[in-house]
Amino acid sequence: MRSLLKIAKTGYLLLSALLILAGVGLTFFSDTFYPILAVLLGILFLVFGAVKLAGFFSKDPYQLVFESDLVFGILYLALGLLLLFRPAHTMAFFGIVFGLMLLADGLTRVRIALDARPFGIRAW
């Protein structure tokens with residue numbers, strides 16, 4: 001199980017960097033590279049969903065960090081498949097869907113941080 005935790009941590013770092021690059025690409029090159037971005041983002045979300053699922057099935061010491069990753073992993077996998085198989089339709093509402101997913105993920109992380117306090121985790 002330790003290897004899954006290491007994969008999840010490494011995956012989060014790598015995928016965060018890729019999401020930043022995808023955000024820059026979407027911001028500056030969206031009109032020119034829409035089809036390419038749709039495929040790249042679809043693959044990125046499939047990988048991100050898989051990493052979230054790996055995080056969920058790994059055992060962190062307090063069972064807090066990855067507890068919501070099953071739901072978000074499935075959502076990211078679904079968004080990745082939509083981007084690959086229906087790119088034109090998905091890109092039309094991509095900003096709204098992605099924004100809502102990030103908002104929900106961020107709010108969940110805040111709840112996890114607050115739940116970590118009673119465990120005595122100093123960096124909660």
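1. Let's start with burial. In this predicted model, buried residues account for 35% of the 124 residues in the chain. The accessible surface of the chain comes to about 7,800 Å², and carbon and sulfur atoms hold 75% of that area.

2. On to the fold. The chain has 4 helices and 0 strands, so the order from the N terminus is simply α-α-α-α. Looking at contacts between residues at least 6 apart in sequence, you will find that 71% of them join residues at least 24 apart.

3. Next, the inside. The largest nonpolar core has 14 residues. Those with the most contacts inside this core are L15, L41, F45, F48, Y76, L79 and L83. At least two residues of the core come from each of α1 (2-29), α2 (34-57), α3 (69-85) and α4 (87-116). The biggest share is from α2, which gives 6 residues to this core.

4. F57, L70, V71, I74 and L75 make a nonpolar surface patch of about 440 Å². Here α3 gives the most, with 4 residues.

5. Finally, a word on F57, one of the patch residues. F57 sits in helix α2.

Definitions and conventions. Residues are numbered from 1 along each chain as its sequence is written. This is a predicted model: local features need pLDDT of at least 70, side-chain atom pairs count only at pLDDT 80 or more; totals for chains, interfaces and linings use all residues. Side-chain values use heavy atoms; hydrogens and water are left out. A nonpolar core is a set of buried Ala, Val, Leu, Ile, Met, Phe, Trp, Tyr and Cys residues joined through side-chain atoms within 4.5 Å. Buried means under 20% relative accessible area, exposed over 50%, partly exposed in between (1.4 Å probe, protein chains only). Contact means heavy atoms within 4.5 Å. Accessible areas come from the Shrake-Rupley method with a 1.4 Å probe; for residues, only the protein chains shown count as cover. Patches are made of residues with over 30% relative accessible area and no salt bridge: like charges are joined within 9 Å, nonpolar side chains (Val, Leu, Ile, Met, Phe, Trp, Tyr) within 5 Å. A salt bridge is a side-chain nitrogen of Lys or Arg within 4 Å of a carboxyl oxygen of Asp or Glu.
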